[in-house]
Amino acid sequence: MRNERVLVVDDEKLIGWSLEQMLTGAGYEVEVAASGSEALGKFENFGPHMILLDIFLPDMDGIELLKRFKAADPEVMVLMITANAQADFAVSAFKFGALDYIGKPFRMEDVRQMVRQAFDKKRLEAQVDSSSRGARRQFGRDQLVGNSSQMIEVFRMINICAESDVKSVLILGESGTGKELVAQAIHHHSARKQEPFIEVNCAAIPENLLENELFGHERGAFTDAHREEKGTFELADGGTVFLDEIGDMPLPMQAKILKVIESKRFRRLGGKEDIDVDVRIIAATHQDLPRLVEKERFRGDLFYRLNVMTIHLPALRSRRDDIPKLVDYFIDRLNDEYGRRLEGVAPDALELLMRYDWPGNVRELRNTIERAMMLEQGRVLSVASLPVAVRTEGGAAKTDRPGQGVGPGGISFDQLLEDMSLEEMEKHALQQAMARAGGNQTRAARLLKMSRDTLRYRLKKFGLHETSN
């Protein structure tokens, strides 16, 4: 029986070499390519059964390369690799046939197990066709960002819900975790994307107006009903209704929502005939619905009807490794929005951002970065521009760490402040990180808690030698 063949495509030489050594030791035949063009050549000659594909390559977009691989061989398994996953990339990758995601930095043992399990599954069942129905690059004000295991699972569930056209989806998570963005992503990556997406905040509309908002009314239904008006469900026919904060919906209205889900019909206020409607209902809440059911504040039958497909959004404090990526993303977006040219965040400021617990989750982080950018006079976000809460709570644990007050190379922080400008401190930190990492950019970026692209930009900015790709 022939050996299973794996093609590794990554422009970081150390990562390519390490993966080659590990996979060869596990019994696979392995080839390595450092660019898209080289990968296409080796794909044709080597005929791999699996490809480990970096999403960012110097000469070609990883998604485009994925599409070309799958077009040439729909059976080839592709595991995407990236240091900066965003929901649109992840969903597009899954929809164009990627089997899974590997977030940098990764453990070699995790990759080995992932590859082995993929080959095991391949032998047991046919590869699932996840070809795309098309994708929109933007589906909200801020995209979902992250390559933590929790976010990769969220991306996977978005893809499953979009592809299956399941009629009800429940999104659970604390306030500020991005529930609306998930709802928009499901809609915009589904066959319903050309139809309306209408959001109703169940906590913001008074009980006596909510029924009219959702179902509309006939002329003469009440005193001021001078004409017939369509409600949300009728306007969204063929598309998606997003019921945000459904945990706050009054019990009588919950019964009517249950009827819409089960019968796909409703009646306007004052109406005598039912109206058929085809909508996907996505509901979201930060509340504990099973507990509300126990307290008889939420209908059990509606909960179980909504709970067919459930997506749990993690709190930001449980995926702290995504914070540097989110910070870089928000700075880039806000630079465009406000015409600024900030180049990133100072390492000590990023450390405080990483330590803070973010009770308001991603929304609070975005607002914090926006406020800091308005206050910052330099080229990078500094500690001084951060809110007091982040500076105090984020730094509370610092005193327990060894080397307190000692900067890179054993220089005290006071000495750094006295002898160096902020830009000189940044350059010094870059030099020290590259030295400690042995010239490897991925390790240096990890030490500085920034993306590899950001590190490359800053090395170029200061004219420092880029030792390793």
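Biologist: What makes W358 buried or exposed?

Modeller: W358 has a relative accessible area of 0%. Buried means under 20%, exposed over 50%, and partly exposed in between, with a 1.4 Å probe and protein chains only. W358 therefore counts as buried. Before we go on: this is a predicted model, where local features need pLDDT of at least 70, side-chain atom pairs count only at pLDDT 80 or more, and totals for chains, interfaces and linings use all residues. Residues are numbered from 1 along each chain as its sequence is written, and side-chain values use heavy atoms, with hydrogens and water left out.

Biologist: Where does W358 lie?

Modeller: In the loop between α14 and α15 (361–375). Helices are DSSP runs of H or I with at least four residues, strands are runs of E with at least two, and both are numbered from the N terminus. The phi of W358 is positive, near 50°, and this residue is not a glycine.

Biologist: Is E296 buried or exposed, and how do you know?

Modeller: Its relative accessible area is 65%, so E296 is exposed. E296 sits in the loop between α11 (289–294) and α12 (300–306).

Biologist: Which residues does V260 touch, leaving aside neighbours within four places in sequence?

Modeller: F215, F233, R265, F266, V277 and I281. Contact here means heavy atoms within 4.5 Å. For V260 and F233, 27 residues apart along the chain, the C-alpha atoms are separated by 9.1 Å.

Biologist: How do you know whether T442 is buried or exposed?

Modeller: T442 has a relative accessible area of 13%, so it is buried. T442 is placed in helix α19 (residues 441–448). Neighbours within four places aside, T442 is in contact with E12, I15 and R452.

Biologist: Which residues of helix α20 (residues 452–461) are buried?

Modeller: R452, T454, L455, R458 and L459.

Biologist: What makes them line one face of α20?

Modeller: Seen down the axis of α20, they fall within an arc of 155°, so they line one face of the helix. The arc is that of the directions from the helix axis to the C-beta atoms. After α20 comes G463, with a positive phi near 70°.

Biologist: Why do residues three or four places apart in an α-helix point the same way?

Modeller: An α-helix has 3.6 residues a turn, so residues at that spacing point the same way.

Biologist: Now α2. Why are α2 and α3 called roughly parallel?

Modeller: Helix α2 (residues 36–46) and helix α3 (residues 62–72) pack at an angle of about 10°, with their axes 11 Å apart. Axes are lines fitted to C-alpha atoms, for helices over the stretch in contact, and angles run from 0 to 180 degrees between N-to-C directions. Angles under 35 degrees count as roughly parallel, over 145 as roughly antiparallel, 65 to 115 as roughly perpendicular and the rest as oblique. α2 and α3 are therefore roughly parallel to each other.

Biologist: Which residues make that contact?

Modeller: From α2, G36, A39, L40 and F43; from α3, L65, R68, F69 and A72.

Biologist: What puts the buried residues of α2 on the same side?

Modeller: The buried residues are G36, A39, F43 and F46. They cover an arc of only 105° around the axis, which puts them on the same side of α2. These buried residues pack against β1 (5–9), β2 (29–33), β3 (50–54) and α3. The face turned away from the buried side of α2 carries the exposed residues E44 and N45.
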